[in-house]
Amino acid sequence: MIMDELLAMLEMQEEILQFSHFTNEDAWELGNLIVSEIKKRKLSVAVTIRLNNGYTLFQYAADGTNLHNEYWMTRKFNTVRTLEKSSLRAAMILQKNEKTMADWFLDEKEYAAAGGGFPIRVEEVGVIGAVIVSGLPHFADHDLVVKCISHYLHIDEVPRIKGDIIL
């Protein structure tokens, strides 16, 4: 897969996976769906769902996760909240353009160019928050979130990253 194809796929995922509304109950249901997937696959992953104002609506940490995962989730959240795109798409844009977070005036201690943060975009409203996971390799973190959001929204035709990506 070439970079332009990957970026087009990531952008398409964000366009397709929009919510008609998003409530605290939606966060609870989506969060529990993600936890079910984590448990089914016996993954050591942490998940959080946060609104843009920083309010945490859902959080879970599987055995084997630690405070380091919390730090990663916070940095990924900051990236999604600021850039209004998935943290993986931000990372791939930076890689393609041979830039760093510093080139975007973002402190790498506070922001992460890594997979696992996905925007909660409400139709005709915009990005109101993010779903973030931490614990897997970056492409796998991203795909876990995409798989679960697409399942939650009952959308089957979402392009997904399969296997290892070689750019």
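This is a predicted model: local features need pLDDT of at least 70, side-chain atom pairs count only at pLDDT 80 or more; totals for chains, interfaces and linings use all residues.
Asp 143 touches Arg 160 and Ile 161, when residues up to four places away in sequence are not counted. Asp 143 lies in helix H5, which covers residues 138-152. With a relative accessible area of 14%, Asp 143 falls under the 20% limit and is therefore classed as buried.

At 1.5 Å a residue, the 15 residues of H5 should span 21 Å, and the end C-alpha atoms of H5 are 21 Å apart, so the two values agree. Burial in H5 extends beyond Asp 143: the buried residues are Asp 141, His 142, Asp 143, Leu 144, Val 145, Val 146, Cys 148, Ile 149, Ser 150 and Tyr 152. These buried residues pack against the helices H1, H2 (24-40), H3 (67-83) and H4, and also against the strands E3 (117-122) and E4 (126-134).

The packing of H5 with H2 was examined in terms of axis geometry. The axes of H2 and H5 come within 10 Å and cross at roughly 125 degrees. This angle lies between 115 and 145 degrees, so H2 is oblique to H5. H2 passes H5 in a right-handed crossing. On the H2 side, the contact is made by Asp 26, Glu 29, Leu 30, Leu 33, Ile 34, Glu 37 and Ile 38, and on the H5 side by Leu 144, Lys 147, Cys 148, Ile 149, His 151 and Tyr 152. The residues of this contact between H2 and H5 comprise 8 nonpolar, 1 polar and 4 charged. Among the H5 residues in the contact, Leu 144, Cys 148, Ile 149 and Tyr 152 also belong to the buried set of H5.

H1 passes H4 in a left-handed crossing. H1 contributes Met 3, Asp 4, Leu 6, Leu 7, Leu 10, Glu 11 and Glu 14 to the contact, while H4 contributes Leu 88, Arg 89, Met 92, Ile 93, Gln 95 and Lys 96. The residues of the contact of H1 with H4 divide into 7 nonpolar, 1 polar and 5 charged.

Backbone torsion was considered next. Most residues other than glycine have a negative phi. Against this background, Lys 42 is not a glycine but has a positive phi of about 55 degrees. Lys 42 is located in the loop between H2 and strand E1 (46-51). Its relative accessibility is 74%, so Lys 42 counts as exposed. A positive phi, near 60 degrees, is also found at His 154, a residue other than glycine. His 154 is situated in the segment after H5. With a relative accessible area of 69%, His 154 is exposed.

Asn 53 provides a further exposed loop position. Asn 53 is placed in the loop between E1 and strand E2 (56-61). The relative accessible area of Asn 53 is 64%, which means that this residue is exposed. Asn 53 and Glu 123 are separated by 70 residues in sequence and by 19 Å in space, C-alpha to C-alpha.

Notes
Residues are numbered from 1 along each chain as its sequence is written. Side-chain values use heavy atoms; hydrogens and water are left out. A crossing is left-handed if the near helix is turned anticlockwise from the far one by less than a right angle, and right-handed if clockwise. Helices (H or I, at least four residues) and strands (E, at least two) are DSSP runs, numbered from the N terminus. Contact means heavy atoms within 4.5 Å. Ala, Val, Leu, Ile, Met, Phe, Trp, Tyr, Cys and Pro count as nonpolar, Asp, Glu, Lys and Arg as charged, and the others, Gly among them, as polar. Buried means under 20% relative accessible area, exposed over 50%, partly exposed in between (1.4 Å probe, protein chains only). The expected span of a helix is 1.5 Å times one less than its number of residues. Axes are lines fitted to C-alpha atoms, for helices over the stretch in contact, and angles run from 0 to 180 degrees between N-to-C directions. Angles under 35 degrees count as roughly parallel, over 145 as roughly antiparallel, 65 to 115 as roughly perpendicular and the rest as oblique.
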